[in-house]
Amino acid sequence: MLKTCKIFSLGTVVAAWLGGATCSMVSAADMPLSDAGRWVLSEATDYAYSKDSSSRYLSPKEAALRHTLSINIKQNVINSFTFKVGCMIESATPLFELKVSSLDIRIFDSINDFVYARFMVDDNQEYSLRGEIMSSDRILFVPATRSQDKNLSDLFLQMREGGTLKIGLLQGENAKVREYEVPLAGFMEYSDEILQSCQNYHQYSTDQMQFLPDYMTKEPDGYAPKDFSLKQKDETVVDPNAPKPVEPAPVEPQPAVQTTPEVLPFAPDGGPASIGPDGRPIGAGNSHDWNSASRSLGTAQGPMQIGPDGRPVMPAQSTQGAPDANAQGAQGQSQGSGNSNAIEIF
């Protein structure tokens, strides 16, 4: 509840100070609410002016019941903009209207009477639309081509379930884009009425829609900065006052301790064996004498010979002038034959 006071005694200020004022209690619901920041559905101006007229010569704008849906956004104390969704008789697709400060439209575009802007609902697909400048601060985005008609239809459907409509008014490749954000809360409540109004208004059209070539609404090069997009970029926020992480000291690599590998000599049992520098197993072919067991491996010449003493005959001894086992055996036989008491061994 709010208090409103009216002063009935205007003779002197003292009378008011002494209590010559009466106060009455009024409800906050009786106070007018501002339309800023909320969607407002209103009848078109032409229809609202002539809807009670009995004239039979009303134009389609005056006779067709249609609405406009608008929202006014206060960016700050000075700047504000208005976004509207309306209808045109040539098409059943709703059109967009953007009313901004005249300083937001660059002079180059004012001379050409058209601008280009980017539209995107939340982080969905980004659309580029051409807008016609109707006055110094009023821009209309109409379905002039088939491609723009489809873009407007897609945007309208996305706005029904979206959270925020982002608009970027392009200023050239070397100037910052003018960005606007339109909250879409409450838009779906009136979207069906706007769509029905546009369809009813389009029924008064006697001529079929004549679309312009698609290149007429295609955004030319040089209207937006390089790689500009309305989508949020994943950027890491760096706090300059945050303590810097301490980098650990580089660890010097320790020299590897070289250990002498164990030498596995070759053995005829099929076990593992080390390979020597000649590419052959160590211990085979007398390449290296690692132990006494491997010295005689691979040196036998022909089949093994057994002497009369039951031991193998060593080839090395026979080549170095040692008495031959056969000669020794023959000598023993001759000695035995001379002795009649010798015993013959067969």
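How do the residues of the lining of the largest pocket divide into nonpolar, polar and charged? There are 9 nonpolar, 5 polar and 8 charged. Here Ala, Val, Leu, Ile, Met, Phe, Trp, Tyr, Cys and Pro count as nonpolar, Asp, Glu, Lys and Arg as charged, and the others, Gly among them, as polar.

This is a predicted model, in which local features need pLDDT of at least 70 and side-chain atom pairs count only at pLDDT 80 or more, while totals for chains, interfaces and linings use all residues. Residues are numbered from 1 along each chain as its sequence is written, and side-chain values use heavy atoms, with hydrogens and water left out.

Start with the pocket. The largest pocket holds about 510 Å³ of space. A pocket is an open set of points on a 1 Å grid over the protein atoms alone, where a 1.4 Å probe fits, with protein on both sides within 12 Å along at least five of seven lines; lining residues have an atom within 4 Å of a point. Grid points are joined across faces, edges and corners, and the volume is the space filled by probe spheres set on the points.

The lining counts 22 residues. Nearest the centre of the largest pocket lie Arg66, Thr68, Cys87, Glu97 and Arg138. Elements that give two or more residues to this lining are β3 (40-43), α2 (45-50), β4 (67-74), β5 (80-88), β6 (91-99) and β9 (138-141). β5 gives the largest share, 5 residues. Helices (H or I, at least four residues) and strands (E, at least two) are DSSP runs, numbered from the N terminus.

Take arginine 66 from that central group. Arginine 66 sits in the loop between α3 (60-63) and β4. Its relative accessibility is 9%, so arginine 66 counts as buried. Buried means under 20% relative accessible area, exposed over 50%, and partly exposed in between (1.4 Å probe, protein chains only). Leaving aside residues up to four places away in sequence, arginine 66 touches Ser42, Glu43, Ala44, Asp46, Pro60, Lys61, Ser197 and Tyr201. Contact means heavy atoms within 4.5 Å.

Now turn to the salt bridges. The whole structure has 9 of them. Each is a side-chain nitrogen of Lys or Arg within 4 Å of a carboxyl oxygen of Asp or Glu.

One joins aspartate 104 and arginine 178, at 3.5 Å from N to O. Aspartate 104 lies in the loop between β6 and α4 (107-112) and arginine 178 in strand β11 (residues 178-183), so the pair ties together parts 74 residues apart in sequence. Aspartate 104 is buried at 12% relative accessibility, whereas arginine 178 is partly exposed at 36%.

Another pairs aspartate 123 with lysine 166, with the closest N and O atoms 3.7 Å apart. Aspartate 123 belongs to the loop between β7 (114-121) and β8 (126-133), and lysine 166 to strand β10 (residues 164-169), so this pair links parts 43 residues apart in sequence. Aspartate 123 is partly exposed at 44%; lysine 166 is buried at 11%.

Aspartate 154 meets lysine 150 at 2.9 Å, N to O. They are 4 residues apart in helix α5 (residues 146-161), which means about one helical turn separates them. Arg118, Glu126 and Glu219 are linked in a network of salt bridges.

Finish at aspartate 109, in helix α4. Aspartate 109 is buried, with a relative accessible area of 1%. Beyond residues up to four places away in sequence, aspartate 109 touches Phe114, Val115, Ile133, Leu170 and Tyr223.
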